[in-house]
Amino acid sequence: QVQLVESGGGLVQAGGSLRLSCAISGNIFSINAMGWYRQAPGKQRELVAAITYGGSTDYANSDRDRITISTDNAKRTVYLQIDSLKPEDTAVYYCNGCRYFCSNAGSPSDYWGQGTQVTVSS
């Protein structure tokens with residue numbers, strides 16, 4: 001059984017940096033890509049960044065200059081580094097093990113973590 005556990009969220013001041021972690025356990029053969037998503041109150045869930053098994057990455061255009069996704073395969077962990085945090089970054093951030101690829105909204109059939117709250121103060 002695949003399990004994803006996010007950590008690293010919290011209250012952060014605008015302009016600061018944050019690194020989220022997603023630890024993966026279980027059978028990972030059904031996962032072909034990893035993605036970070038976020039959902040702010042009153043808004044739809046959106047893809048922030050994704051990385052494939054081959055190492056290619058994809059970023060939302062508005063976040064490309066501030067966000068980096070990376071993996072540590074030995075630790076079975078995927079990271080999301082966010083620099084120059086803004087109040088609009090406030091959201092619940094979800095780690096997703098995508099079965100085929102990470103679509104813009106993600107799929108209910110993918111493997112989702114429980115989410116971690118990120119709150120950026122102005």
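**Close-up views of a predicted model**

**View 1. The β7–β8 hairpin and its turn.** Strands β7 and β8 form a hairpin with 4 residues between them, and Arg76 in the turn has a positive phi of about 50 degrees. Strands (E, at least two residues) and helices (H or I, at least four) are DSSP runs, numbered from the N terminus. The model is predicted, so local features need pLDDT of at least 70 and side-chain atom pairs count only at pLDDT 80 or more, while totals for chains, interfaces and linings use all residues. Residues are numbered from 1 along each chain as its sequence is written, and side-chain values use heavy atoms, with hydrogens and water left out. β7 and β8 (residues 77–82) pair in the antiparallel sense over 6 bridges; two strands pair if DSSP finds at least two bridges between them. Asp72 has Thr77 of β8 as its bridge partner, and Ser70 stands opposite Tyr79 in β8.

**View 2. Two residues with positive phi.** Most residues other than glycine have a negative phi. Arg76, in the loop between β7 and β8, has a phi near 50 degrees, a positive value in a residue other than glycine. Arg76 is partly exposed, with a relative accessible area of 32%. Here buried means under 20% relative accessible area, exposed over 50%, and partly exposed in between (1.4 Å probe, protein chains only). Ser84 lies in the loop between β8 and β9 (91–98), and its phi is also positive, near 50 degrees. Ser84 is partly exposed, with a relative accessible area of 40%.

**View 3. The open sheet of 4 strands.** The strand order is β1-β3-β8-β7, with antiparallel pairing. β1 (3–7) and β7 (67–72) stand at the edges with a single partner strand each, so one side of each is left without a neighbour in the sheet. Neighbouring strands of this sheet are turned by 15 degrees against each other on average, direction ignored. For such angles, axes are lines fitted to C-alpha atoms (for helices over the stretch in contact), and angles run from 0 to 180 degrees between N-to-C directions. Strand β3 (residues 18–25) pairs with β8 in the antiparallel sense over 6 bridges, and Leu20 stands opposite Leu80 in β8. Of the 6 residues of β8, 5 are buried, so this strand is largely enclosed by the rest of the structure.

**View 4. The largest pocket.** About 410 Å³ of space lies in the largest pocket. On a 1 Å grid over the protein atoms alone, a pocket is an open set of points with protein on both sides within 12 Å along at least five of seven lines, where a cavity is a set of points where a 1.4 Å probe fits but cannot get out; lining residues have an atom within 4 Å of a point. Grid points are joined across faces, edges and corners, and a volume is the space filled by probe spheres set on the points. The lining has 17 residues, of which Ile24, Ile28, Met34, Tyr53 and Asn73 lie nearest the centre of the pocket. β4 (33–39), β5 (46–52), β7 and β8 are the elements that give two or more residues to this lining.

**View 5. Arg38 and its polar contacts.** Arg38 is in strand β4 and is buried, with a relative accessible area of 8%. Its side chain makes a polar contact of 2.9 Å with the side chain of Glu46, and another, of 3.1 Å, joins the side chains of Arg38 and Asp89. A polar contact is a pair of N or O atoms within 3.5 Å; within protein, one must be able to donate a hydrogen and the other to accept it, and residues adjacent in sequence count only if both atoms are side-chain atoms.
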